[in-house]
Amino acid sequence: MRVRGSFRKGVLILGSLTVFLLGGSLSQVVEAQPFVVSIWGGHWKEVIDKAVCVPFTQKTGLKVEFDVGETTDRLARARATKGNPQADVSFTTSHVARLYASEELIETIDVKKLSNAKDVLKIAFKSPTTIAPYATIYTMAYRTDMIKRPITSWEDLWSPELKGKIILPAFDPSHIIVVSALLSGGNEFDWEKGWEKLKALKGNVVAFYATGIQSIEMMRRGEAAVGLMNSPNIFRLQKEGEPVKLVIPKEKAIVTTDAVTIMKGTKKLEAAHQFIDILLSPEAQAEIVMGFNVPPMNPKAAIPKEVMERPGIFTKPEDWAGKAYIIDDEQRAKMLDVWREKFRRDIMR
Amino acid sequence: MCLLLPSIILVALFFWGLLLLFQYSFRSYIPGSLEVGGFTFANYERIVDRLYLGAVWETLVICFWVTAIALVLGYPLAYVLIRHPSPLLRSTILILTVLPFFLGIIVRSYAWMLVLGSRGFLNQVLTSWGVIEEPLQFIFRRSGVILALIQISLPIMVIMIAAGLSHIDRSYERTAETLGANPLKVFRHVTWPLSLPGVISGCIVVFGWTLSAFATPIMIGGGKVYVMTVMVYDQILGSGNYPFGAALGVFVLIVDLVLLGIGQKVIKRIQGRMRQ
């Protein structure tokens, strides 16, 4: 009986201690909840951290943490945690943002809360739930130590001299499909016009990359001499000292926009709007341009002259009109499954 | 019963997930959306297409070659690991066999890219020896994927065969020797049949493991080696076509179960013959 009584006392004391400690630590956890940004890893995270997260923390006092991964991996995670999002804001591609919206995973952005929104280009506001923080150019890059004749046109990809020397994206063939269509008198709606031309490119392709990092690796190691890549990844190779040249073809570069979204169910809605406002500020936009080598969405971004002169940094309306072809997001989202299967069947095999 | 409860819960959760996958596979895909539509058999009808059956065939061919070559290379290693009189040699083989496990598949696959790439070690050696003038294409093709997967799965084969060899009663071999059998005959009529359970287990594990290989085909295949795992990944995380991806996942599971079933039958038959 004495043993039982001591045992009960022990359990009571231990239990109380546990509740006390847990309660104390839980309150600490709630107070210290970081602001979570869902984004791609590596360079993408580093640039946004410097451009946006640092000033955001200085302004709000909120520590920023990152949920890192590929586009569709993070979409899958967001679906799995619907209603209780692990991130507060998410960077994604504009066509995948439509999938977020279809699943009601993202909030409507209150543009009135964004003091910098009035200065931002109209193409940034594609839907009530997304804002484009920058544009991404998909274009050609080539190693000048492996290709002697300069590349100036999309047609050059079909040159017999480039047999077995090109890499294309496997995960999203929409860019090369639209390029082939444009060269054949079509576009993303009339894409079948370019299909035979695209099949003729097959022999020039040495590999198809699954991730942006893989494209960088393939070009860096000289597995490919020419790549259809996004401009941030091309710029990264150049920064590393690789002899790679970015080409804005005479037929226009393919432009897509990424999207920043606010996750539905976030407990930091006001802070999320502040984050986006900082993202659109001239200072952050300048850092993003210099970090990624992408066109800014805020023309007021204070970009140094030597950066403005880099190919692919569109700052004037005539740049956008003359050098950029923007793919329709809705068509891209609708056709991606069909395009991927046909590309896999006819081009990748 | 209480001790079994955590396992029962885990298994139940696993089967619940499979059930969800199964029901997803009968729903229709709505392009541009993650919402799914009504009941349909269309996803399974789509599987019977050269593209997807081709991926199944490609996977089976790769699995066959990886298993066969890993067996040919792994059996002698396992034999020396168990039978060689030198403890130093046995320890060295054991360490070299187990060491790759600590490196991870991504690191090992990347290492193969550095070895097999057009500017990689192998091409540089062949070029410097004057054997070739232009680099040969070792990666971005099936043979490169097979080579990398052999190196990755070899430790598993060695360990499984070694486990089987270690259980052989040496007295059977000694008896055969005293009856006049030379080492080759002893191996052929005694050691090899008795080691078959380990060999077949090793083959089943390596085959099954290779079936699920994903990172290596993606990295070394360069998009040109289309296997079942990449096929499922493409649909679910690439196209966002969850219903068709689910149907492919169910199909891959059925293929796996059929192959495992065949493997089990083969083992039982061999064990039956050995008892006779």
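The C-alpha centres of domain 1 and domain 2 of chain A lie 26 Å apart in this predicted model. The domain bounds come from an automatic or database domain assignment. Domain 1 of chain A covers 31–134 + 257–313, and domain 2 covers 135–255 + 329–348. Their contact takes 17 residues from domain 1 of chain A and 17 residues from domain 2 of chain A. Two residues count as in contact if their C-beta atoms, placed from the backbone, lie within 7 Å. On the domain 1 side, α4 and β9 (253–262) of chain A each supply at least two residues. The largest share, three residues, comes from α4(A). This side of domain 1 divides into six nonpolar, seven polar and four charged residues. Here Ala, Val, Leu, Ile, Met, Phe, Trp, Tyr, Cys and Pro count as nonpolar, Asp, Glu, Lys and Arg as charged, and the others, Gly among them, as polar.

Residues are numbered from 1 along each chain as its sequence is written, while chains are lettered from A and ligands numbered from 1 in the order in which they are written. Local features need pLDDT of at least 70 and side-chain atom pairs count only at pLDDT 80 or more, whereas totals for chains, interfaces and linings use all residues.

Chain A has 13 helices and 10 strands. Helices (H or I, at least four residues) and strands (E, at least two) are DSSP runs, numbered from the N terminus. The C-alpha atoms of chain A fill a box of roughly 95 × 45 × 40 Å along the principal axes. Of the 349 residues in chain A, 45% are buried. A residue is buried if 20 or more other C-beta atoms lie within 10 Å of its own, exposed if 12 or fewer, and partly exposed in between; C-beta atoms are placed from the backbone. Among contacts in chain A between residues at least 6 apart in sequence, 72% join residues at least 24 apart.

Strand β6 (residues 205–209) of chain A has five of its five residues buried, so it is largely enclosed by the rest of the structure. Strand β5 (residues 166–169) of chain A runs parallel to β6(A), and four bridges join the two. Strands pair if DSSP finds at least two bridges between them. Pro169(A) has Tyr209(A) as its bridge partner in β6(A).

Gly227(A) sits in strand β7 (residues 226–230) of chain A. Gly227(A) is buried, with 27 other C-beta atoms within 10 Å. Not counting residues up to four places away in sequence, Gly227(A) touches Ala141(A), Ile167(A), Ser215(A), Met218(A) and Met219(A). The C-alpha atoms of Gly227(A) and Ile216(A) are separated by 9.1 Å, and these residues are 11 apart along the chain.

Between the chains, 28 residues of chain A are in contact with 21 residues of chain B. On the chain A side, α3 (71–80), α4 (94–102), β6 and α13 (329–348) each supply at least two residues. The most comes from α13(A), with nine residues. This side of chain A divides into 12 nonpolar, three polar and 13 charged residues.

The predictor gives the complex an ipTM of 0.83 and a pTM of 0.83. Confidence per residue is given as pLDDT, from 0 to 100. Chain A has a mean pLDDT of 90, with 91% of its residues at 70 or more. For chain B the mean pLDDT is 90, and 99% of its residues reach 70 or more. Over residues 25–31 of chain A, pLDDT stays under 50, and the model has zero contacts beyond four places in sequence for these residues.

Conventions
pLDDT is the predictor's confidence in each residue, from 0 to 100.
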